[in-house]
Amino acid sequence: MDVYARPANNSALKEKPADSKDENEILPPDHLNGVKMEMDGHLNKEFHQEVFLGKEMEEFEEDSEPRKNRKKLMVIFSKVDINNDKKIGAKEMQRWIMEKTDEHFQEAVEENKMHFRAVDPDGDGHVSWDEYKIKFLASKGFNEKEIAEKIRNNEELKIDEETQEVLDNLKDRWYQADNPPPDLLLNEEEFLSFLHPEHSRGMLKFMVKEIIRDLDQDGDKKLTLSEFISLPVGTVENQQAQDIDDDWVKDRRKEFEEVIDANHDGIVTMEELEEYMDPMNEYNALNEAKQMIAVADENQNHHLELEEILKYSEYFTGSKLMDYARNVHEEF
C-alpha cells in the first residue's frame with residue numbers, strides 16, 4: 001500500500017541547481033547529521049558513520065587512499081579506547097557516540113550564525129516571518145523587491161501551489177520555533193531550532209508529529225508496522241526498483257521491531273518515536289553502541305578489537321580497506 005501524504009519538509013520544492021546558495025542557507029535541511037531518521041520519514045542510512053566519525057566523516061571518501069583511511073581509523077580506535085586495554089567496550093563507544101553527536105550540533109550552531117545573517121541583513125538580531133518569506137521566495141526565483149512591496153501593501157502573491165504548500169509547512173514550523181510569548185520574530189537561537197529541530201525538545205516533538213502525520217494512514221496518530229514499511233509514492237516498477245523496495249521493507253521492519261517499538265506491542269507512539277529520534281538520548285547511545293559492537297564482534301567477547309573494526313570498516317566509515325589483515329601486520 002502506498003502512502004499518499006504531503007512532503008514533510010521541502011521535498012515538494014522544484015528542482016534547483018545544487019549550488020543554489022541562498023536556498024541552502026535559509027531552508028531547513030531534510031537530512032540532520034546524527035539523527036536516525038530523515039525529515040521525510042526515511043531512515044538515515046549514514047547514521048552509523050555519522051556518530052562514529054563525527055566531523056571526520058568527509059575525510060573517509062570511497063576514493064581516498066586505503067592506507068590513509070586505515071591510519072585514521074587506528075587513531076580513532078585509540079581515542080575511543082579510553083582505558084587503553086586494546087579493546088572497545090559499550091560504555092566507551094557510548095561516550096564516543098555522545099561526543100560525536102555533540103560535534104554535529106556544534107557544527108550546526110556555527111553554520112546557523114551564517115544562515116541567520118543571511119536572513120537578518122539589518123542585523124537587529126530578530127527575523128520576522130515576512131522577512132523570511134521574502135528571502136525564501138527570492139531564493140525560488142521571485143523578484144525580491146516586488147515580493148517585499150506586495151507583502152508591505154498586503155497584496156495577493158501569485159505563487160504556484162507547490163511553493164505555497166512548502167510556505168505553509170515552513171510557517172507551521174516557524175510558529176513552533178517562536179518561544180513564548182509568541183511574536184513571530186525569531187532570534188538566532190530560535191532560528192537554530194527552526195533549522196535544526198533535533199536539538200530543541202519542543203521542536204523535536206513537532207518534527208515527530210510531522211513524520212507521523214505523513215506516515216499515519218488511519219489518523220490515530222500512531223504507527224503500525226504496515227504503515228511504517230509502506231512504500232513511498234512513485235515506485236518504479238522494474239526489477240531494480242523491486243530490489244530497492246525489498247531492502248526498504250526489510251530495513252524498516254527491522255528498525256521498527258527491534259529499535260523503535262520499545263515495548264514491542266506492534267504500535268509506535270509519538271513518545272516512542274520521540275525517544276528514538278532524540279540524538280542526545282544516552283540510553284539510545286548505549287543501545288547504538290551495543291549494536292555497533294555486535295556487528296563486528298567476531299570473537300563474541302562483547303568488545304571490539306582493532307582488527308575487527310578494520311575488517312568491518314565499511315560499516316563504520318563507509319569505506320572499504322583492502323587486505324586489512326596484511327596491512328594491520330605492516331602497521332604494527
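The chain folds into 16 helices and 4 strands, where helices (H or I, at least four residues) and strands (E, at least two) are DSSP runs numbered from the N terminus. The model is a predicted one, so local features need pLDDT of at least 70 and side-chain atom pairs count only at pLDDT 80 or more, while totals for chains, interfaces and linings use all residues. Residues are numbered from 1 along each chain as its sequence is written, and side-chain values use heavy atoms, with hydrogens and water left out.

Of the 332 residues, 46% are buried; buried means under 20% relative accessible area, exposed over 50%, and partly exposed in between (1.4 Å probe, protein chains only). Among contacts (heavy atoms within 4.5 Å) with a separation of 6 or more, 61% come from residues 24 or more positions apart.

A look at the aromatic residues comes next. The structure holds 12 aromatic pairs, counted when the ring centres of Phe, Tyr and Trp (its six-membered ring) lie within 6.5 Å; planes under 30 degrees apart are stacked, over 60 edge-to-face and the rest tilted. One of these pairs joins Phe-228 and Phe-256 in a tilted arrangement, with 5.7 Å from centre to centre and 45° between the planes. This pair links distant parts of the chain, as Phe-228 belongs to helix H10 (residues 225-229) and Phe-256 to helix H11 (residues 239-260), 28 residues apart. Phe-228 is buried at a relative accessible area of 2%, and Phe-256 is buried too, at 1%. The charged end of Arg-252 sits over the ring of Phe-228, 4.0 Å from its centre; for this label, NZ of Lys or CZ of Arg must be within 6 Å of the ring centre and within 35 degrees of the ring normal. Arg-252 also lies over the face of Trp-248, at 4.4 Å from the ring centre.

Elsewhere, ring pairs connect Phe-116, Trp-129, Tyr-132, Trp-174, Phe-191 and Phe-194 into a cluster. Phe-191 and Phe-194 are among the buried residues of helix H8, a mostly covered helix (residues 188-195) in which 6 of 8 residues are buried. The N-terminal end of H8 is capped by Asn-187, whose side-chain oxygen lies 3.1 Å from the backbone nitrogen of Glu-189. Thr-317, found in helix H15 (residues 313-317), is buried at 4% relative accessible area. Leaving aside residues up to four places away in sequence, Thr-317 touches Gln-49, Leu-53, Phe-60 and Leu-73.

Most residues other than glycine have a negative phi, and most peptide bonds are trans. Pro-180 and Pro-181, however, are joined by a cis peptide bond with omega of about -5°, and Pro-181 is placed in the loop between helix H7 (161-177) and strand E2 (185-186). Asn-154 has a positive phi of about 55°; this residue lies in the loop between helix H6 (144-152) and H7 and is exposed, with a relative accessible area of 70%. Lys-221 likewise has a positive phi, of about 60°, and is exposed at 58% in the loop between helix H9 (201-215) and strand E3 (223-224).

Note on methods:
A polar contact is a pair of N or O atoms within 3.5 Å; within protein, one must be able to donate a hydrogen and the other to accept it, and residues adjacent in sequence count only if both atoms are side-chain atoms.
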